[in-house]
Amino acid sequence: NEMASYVDAGLTTFDMADHYGPAEDFYGAFLKKLNADRGPEAVGKVQGLTKWVPRPGPMTRKVVEENIDRSLRRMGVDRLDSVQFHWWDYGDKRYLDALGHMADLQAEGKIGELALTNFDTVRLEEIVNKGIPISSNQVQYSLIDRRPGQKMAEFCSAHEIQLLTYGTLGGGLLTEKYLGAKEPTSRRDLPTASLGKYKNMVDTWGGWNLLQDLLKVIFFLQNA
């Protein structure tokens with residue numbers, strides 16, 4: 001019912017991953033109920049974007065297809081609208097094997113958009129040069145982390161690859177809530193792994209005092 005409320009509000013795209021607990025199963029159950037209640041036309045207006053984040057190991061056709069098929073079963077669909085691929089170790093070149101097999105599965109109709117998450121420009125260029133069709137790359141990008149603007153944005157523009165950015169508000173650290181706030185240092189102050197990650201980014205970028213200077217400028221301009 002909660003997911004149906006999002007659809008009614010115009011939010012028709014859902015993000016999940018093979019390792020986000022039962023997220024794909026929840027989405028499959030939602031589609032089944034949506035079809036029963038509103039019919040296939042309503043189902044056709046919804047998109048499910050998932051990720052595949054394999055552990056390092058052999059990336060044979062069998063391994064790749066089994067994992068894609070598992071997501072298909074869990075989500076209750078014939079084709080995955082989009083699959084974002086993540087790889088832990090660039091020193092292990094088997095990500096090229098995995099993506100090659102995923103491109104074959106895309107050509108066979110099991111995958112709609114073939115995408116990446118958290119790949120750098122060097123590896124993205126390597127993948128594109130292999131003839132693997134990448135539609136987007138999801139990366140962190142904000143006022144305190146502008147790395148994608150150095151090389152990746154230009155490369156993606158030249159190759160019609162979209163950038164999907166996350167962390168744009170730094171988990172909330174770049175909002176008025178933290179203007180004038182005491183620096184969070186404990187697990188109680190930073191209760192989630194994501195918030196801890198964004199705080200580390202603040203520290204790398206220049207620290208809490210510099211963040212306060214940035215927030216003052218942002219909200220001065222907002223209210224000017």
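**Contacts and cores**

In the protein chain, 70% of the contacts with a separation of 6 or more are between residues 24 or more positions apart, contact meaning heavy atoms within 4.5 Å. This is a predicted model, where local features need pLDDT of at least 70, side-chain atom pairs count only at pLDDT 80 or more, and totals for chains, interfaces and linings use all residues. Residues are numbered from 1 along each chain as its sequence is written, and side-chain values use heavy atoms, with hydrogens and water left out.

The protein chain has 9 helices and 6 strands; these are DSSP runs, helices being H or I of at least four residues and strands E of at least two, numbered from the N terminus. Of the 224 residues, 43% are buried, that is, under 20% relative accessible area with a 1.4 Å probe, protein chains only.

Now the cores. A nonpolar core is a set of buried Ala, Val, Leu, Ile, Met, Phe, Trp, Tyr and Cys residues joined through side-chain atoms within 4.5 Å. The largest one has 41 residues, and Phe30, Ile68, Phe85, Met102, Leu124 and Ile127 have the most contacts inside it. Elements that each supply at least two residues of this core include α2 (23–38), α4 (61–75) and β3 (80–85). Its largest share, 7 residues, comes from α5.

What is Leu124 in contact with, leaving aside its neighbours within four places in sequence? The list is Leu116, Ile134, Asn137, Met152, Phe155, Cys156 and Ile161. Another core, of 14 residues, lies apart from the largest one, and includes Leu173, Val202, Leu211 and Phe219.

Note on methods. Buried means under 20% relative accessible area, exposed over 50%, partly exposed in between (1.4 Å probe, protein chains only).
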